[in-house]
Amino acid sequence: MKYKAVMVDFGNTLVGFKPVFYEKVHQILKDNGYNLDLRKVFRAYAKAMGMINYPNEDGLEHVDPKELLYILGIYPSERLVKELSEANIRDGEAFLYDDTLEFLEGLKSNGYKLALVSNASPRVKMLLEKFDLKKYFDALALSYEVKAVKPNPKIFSFAIAKVGYPAVHIGDIYELDYVGAKRSYVDPILLDRYDFYPDIKDRVRNLKEALQRIEEMNKE
């Protein structure tokens, strides 16, 4: 077996949110007269997230609204910056994706060590209990505990120390999951459930495809 371990992202990989953070940002911009494509807003926000290596007091990456607006080419008016700063964009209602349990059970049955590698607040542990997911993981590398957020290699190094190497990582944000894994010499798989990365060929559309890709990579 080539890989000893699989690292997995949490939000929008195993568990989704309604509404999700970029939908809230998109709505704020729309309410202020900027009717942008949702994909453009997501990609801009993801780019801004990728510039951050350390968490805020909640354990998450704190995106500077002015940086986001600069990427989008929007003038950072005081009103818009204030609305984006004060919005609770991470409090969406959580739900379990239909392919999550089959994916995790498939990995465990194939003998992989599993690590959850997530930019997360303490809420993540409550959700792990709610959806009965904690039992699948041999280690948790959570930004609010590790004091580093993806793409900082520190959070991946923490996971590697717990579950071993070589490893593969799967997550939904290129700038955090794919780039962060690459920086840490972990093989990445980009999960693109909503076709936000049509320009990137090396991606999977669901966790069933991800499981197949891991097995294919393990034979190379």
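**The aromatic side chains**

Author: Y174 has a relative accessibility of 28% and therefore counts as partly exposed (20% to 50%; buried is under 20% and exposed over 50%, with a 1.4 Å probe and protein chains only). The model is a predicted one, in which local features require pLDDT of at least 70 and side-chain atom pairs pLDDT 80 or more, whereas totals for chains, interfaces and linings use all residues. Residues are numbered from 1 along each chain as its sequence is written, and side-chain values rest on heavy atoms, without hydrogens or water.

Ten aromatic pairs are present in the structure (ring centres of Phe, Tyr or Trp, the last by its six-membered ring, within 6.5 Å; stacked under 30 degrees between planes, edge-to-face over 60, tilted otherwise). One of them joins F42 to Y197 in an edge-to-face arrangement, with 5.8 Å between the centres and 80° between the planes. This pair connects distant parts of the chain, since F42 belongs to helix α2 (residues 38-49) and Y197 to the loop between β7 (187-191) and β8 (203-204), 155 residues apart. Helices (H or I, at least four residues) and strands (E, at least two) are DSSP runs numbered from the N terminus. F42 is buried, because its relative accessible area is 1%; Y197 is likewise classed as buried, at 1% relative accessibility.

Y197 also pairs with Y174, here in a tilted geometry: 6.3 Å centre to centre and 45° between the planes. This second pair again links distant parts of the chain, Y174 lying in helix α9 (residues 174-183) and Y197 in the loop between β7 and β8, 23 residues apart. F42, Y174 and Y197 are among the members of one aromatic cluster, which also includes F21, Y22, Y45, Y178, Y194 and F196.

The C-alpha atoms of E23 and F42 are 8.2 Å apart, although 19 residues separate the two along the chain. E23 has a relative accessibility of 35% and so counts as partly exposed.

A further residue is T13, in the loop between β1 (5-8) and β2 (15-18). T13 counts as buried because its relative accessibility is 0%. Apart from neighbours within four places in sequence, T13 is in contact with V8, Y97, T100, I170, G171, D172, L191, R193 and L207 (heavy atoms within 4.5 Å).
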